[in-house]
Amino acid sequence: MSSPLTGYTVVDLSSGIAGAYASKMLADGGADVVKVEAPEGDPLRRWSASGATIGPGQDGALFSFLASSKRSVVADTAVTADVEMVEQLLASADAVVWSRGSAVAELKSLAPQELHRRYPHLIVTAITPFGLDGPWRDRAATEFTLQAWSGGAIGIGRGTQDRAPVHVGGQVGDWVSGAYAAAMTLAFRTRAQRDGHGELIDLSMLEAQILCLTYYPVTYFEMLGRPWRTERRPTVPGVAQAADGLVALGCGTAQQWHDLCAMSGHDEWIDEGTELTITEQANLHADELYAWLRDQRVDDVRDLASAFRIPNSPVGNGENVTAMDHFVERGAFVRNPRDGFVQPNHPYRVSDVELRAPAPAPRLGEHTDALRGAASTPRSSPTGQPDRDRLPFSGLRVLDMTTFWAGPSCTHALALLGAELIHLESTPRPDGTRLIAGIPATVDQWWERSPIFSALNTNKKSVTLDFQTERGRELLSKLIPTCDVVVENFTPRVIDQLGLDFDTVRSLRDDIVMVRMPGFGLDGPWKEHPAFAYIIEDATGLSWLTGYSDRN
């Protein structure tokens with residue numbers, strides 16, 4: 001069983017997390033990734049989270065993780081033979097991932113636009129803070145400033161009005177940009193397979209963050225005439241102090257807020273007639289709620305919350321996250337094959353496909369001699385005119401059975417790339433983002449006014465079916481065979497009760513692709529736990545990296 005990208009060659013001309021993660025995802029899928037470095041090597045080789053000095057000939061853990069399964073060649077831009085070697089690699093490759101930051105990438109002959117012109121078969125994915133054109137194209141940026149420009153800092157950061165601003169920790173914008181870069185590269189690979197023509201993909205890290213790390217503040221202001229937030233308000237309860245440690249509790253729907261009130265013994269807090277948002281209601285009672293939690297044990301709170309279907313998790317950090325029972329059972333962490341430290345495993349599972357196990361990261365220039373002397377066959381230049389429709393997923397029909405944030409974000413990208421998206425809801429249970437924008441029920445057709453729903457679901461069609469009725473299930477069984485892809489993000493229990501597991505869906509159409517994305521996966525002890533973004537952030541340790549050092 002071969003990996004899905006076996007035979008696909010990628011030249012990595014990037015420096016930094018975003019490009020390295022993009023090419024790592026391609027390598028995990030089986031692609032042959034050749035990393036081209038200047039003689040001094042990628043700066044990531046010398047980076048350490050602790051600030052420790054990385055000795056000569058050694059690499060930091062982050063580089064060793066991101067460079068797994070890749071090859072390394074060194075190219076001195078002052079040496080003609082080295083530049084010719086790089087050009088030979090590009091001529092025989094399928095794709096290139098490019099970013100600024102290394103002497104090799106800064107060569108004029110290797111600029112993205114020039115690569116696209118000279119090698120018209122290549123998918124050239126360029127990752128920059130603001131894009132390749134526009135008045136900001138040469139402006140300096142950091143993770144902090146990009147989050148601020150995107151609007152994410154006030155939306156999801158952990159700062160307060162009386163202290164210095166805080167952004168989401170863990171360089172999350174870099175990882176998001178890398179994931180988007182890998183996805184776009186693969187999407188346009190599909191188009192290139194049709195007509196042989198490559199593409200220049202101009203990926204702006206700022207725009208990727210706006211898509212993934214904000215509640216669409218521009219859309220919010222344009223639709224409702226007011227900003228999403230003028231100040232950071234705490235998420236209650238969020239991460240809370242229990243009697244024997246920290247616990248994370250989420251409250252994303254009105255029902256979950258009512259259940260949290262009942263769970264804590266305060267039914268009197270429930271006010272179904274209020275125009276206050278869930279967050280505003282929770283903040284009114286924050287002190288009493290936190291006081292109650294301080295008297296409870298973490299395990300008791302989590303058991304009770306799970307019984308009430310309230311999202312919950314332990315609070316992860318670098319010390320405890322690898323030992324959490326759910327991650328252990330799912331094999332979420334593995335040993336680095338070269339340096340022995342613990343690192344994340346593939347974040348997805350694919351049926352009937354073999355993903356490449358991590359191979360050791362290369363030492364600087366380890367494969368230079370072999371590749372300098374190797375014979376390679378340049379790819380043929382594309383002939384004829386490219387398809388008039390340049391969108392790679394035109395003609396693809398996707399049944400979008402997702403709700404809230406992660407699922408609609410996934411299908412939103414497919415719609416932007418030309419797929420026909422059919423967003424499925426039911427009147428009794430509409431998409432949750434219709435309900436969380438704080439639109440009072442007194443507003444005419446308030447469920448159509450949510451800026452968050454509108455931003456996440458552009459370019460989609462809408463169908464309502466009641467899955468609880470026999471007629472609804474009958475219509476759904478007729479709709480599924482007309483679709484190429486089904487995407488859902490319910491808990492496994494919900495899908496199983498509807499009779500829509502993969503085997504059943506495949507029995508309706510044997511070549512269908514089904515993407516299942518519950519919060520905690522399809523197996524493991526937490527698989528049936530509902531989850532929103534902040535609960536997953538709490539469990540994985542992202543919340544631990546965000547905020548002020550003197551606060552939980």
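## Helix α5 against helix α8

α5 passes α8 in a right-handed crossing. By class, the residues in this contact are five nonpolar, three polar and one charged. Please keep in mind, as you look around, that this is a predicted model.

Two packed helices are described by the angle between their axes and the distance between the axes. For α5 (residues 143-150) and α8 (residues 205-212), the angle is about 55 degrees and the axes lie 9 Å apart. Angles from 65 to 115 degrees would count as roughly perpendicular and those under 35 as roughly parallel, so α5 and α8 are oblique to each other. On the α5 side, the residues that meet the partner helix are E143, L146, Q147, W149 and S150, and on the α8 side they are M205, L206, Q209 and I210.

## Helix α7 against helix α8

Helix α8 also packs with α7 (residues 172-195), here at an angle of about 95 degrees and with the axes 9 Å apart. That angle makes α7 roughly perpendicular to α8. From α7, the contact takes in G173, D174, V176, S177 and Y180, while α8 contributes M205, A208, Q209, L211 and C212. Sorted by class, this contact has six nonpolar, three polar and one charged residues.

## The six-stranded sheet

Now for the sheet. Six strands build an open sheet, with parallel pairing, in the order β3-β2-β1-β4-β5-β6. Which strands stand at the edges? They are β3 (70-74) and β6 (199-204), and each has a single partner strand, so one side of each is left without a neighbour in the sheet. From one strand to the next, the twist averages 20 degrees.

α7 packs on this sheet and touches β4, β5 (123-128) and β6, with its direction making about 160 degrees with that of β6. Helix α8 lies across β5 and β6, and runs at about 65 degrees to β6.

## Strand pairs within the sheet

Two of the pairings can be followed in detail. β1 (residues 9-13) and β4 (residues 95-99) pair in the parallel sense over four bridges. Within that pair, D12 stands opposite V97 in β4.

E37 has V74 of β3 as its bridge partner.

## Two positive phi angles

Most residues other than glycine have a negative phi, and most peptide bonds are trans. R309 is not a glycine, yet its phi is positive, at about 65 degrees. R309 sits in the loop between α13 (298-307) and β9 (312-314). With 29% relative accessibility, R309 counts as partly exposed.

F404 also has a positive phi, near 65 degrees, in a residue other than glycine. Its place is the loop between β12 (397-401) and α16 (406-416). The relative accessible area of F404 is 17%, and the cut-off for buried is under 20%, so F404 is buried.

G331 is found in the loop between α14 (325-330) and β10 (333-335). At 24% relative accessibility, G331 counts as partly exposed. Which residues does G331 touch, leaving aside its neighbours within four places in sequence? They are N345 and R349. G331 and N345 are 14 residues apart along the chain, and their C-alpha atoms are separated by 7.2 Å.

S450 belongs to the loop between β13 (420-425) and α17 (451-456). Is S450 buried or exposed? At 1% relative accessibility, S450 counts as buried. Leaving aside neighbours within four places in sequence, S450 is in contact with M223, T433, R434 and A437.

Technical notes
Residues are numbered from 1 along each chain as its sequence is written. This is a predicted model: local features need pLDDT of at least 70, side-chain atom pairs count only at pLDDT 80 or more; totals for chains, interfaces and linings use all residues. Side-chain values use heavy atoms; hydrogens and water are left out. Buried means under 20% relative accessible area, exposed over 50%, partly exposed in between (1.4 Å probe, protein chains only). Contact means heavy atoms within 4.5 Å. Axes are lines fitted to C-alpha atoms, for helices over the stretch in contact, and angles run from 0 to 180 degrees between N-to-C directions. Angles under 35 degrees count as roughly parallel, over 145 as roughly antiparallel, 65 to 115 as roughly perpendicular and the rest as oblique. A crossing is left-handed if the near helix is turned anticlockwise from the far one by less than a right angle, and right-handed if clockwise. Ala, Val, Leu, Ile, Met, Phe, Trp, Tyr, Cys and Pro count as nonpolar, Asp, Glu, Lys and Arg as charged, and the others, Gly among them, as polar. Two strands pair if DSSP finds at least two bridges between them.
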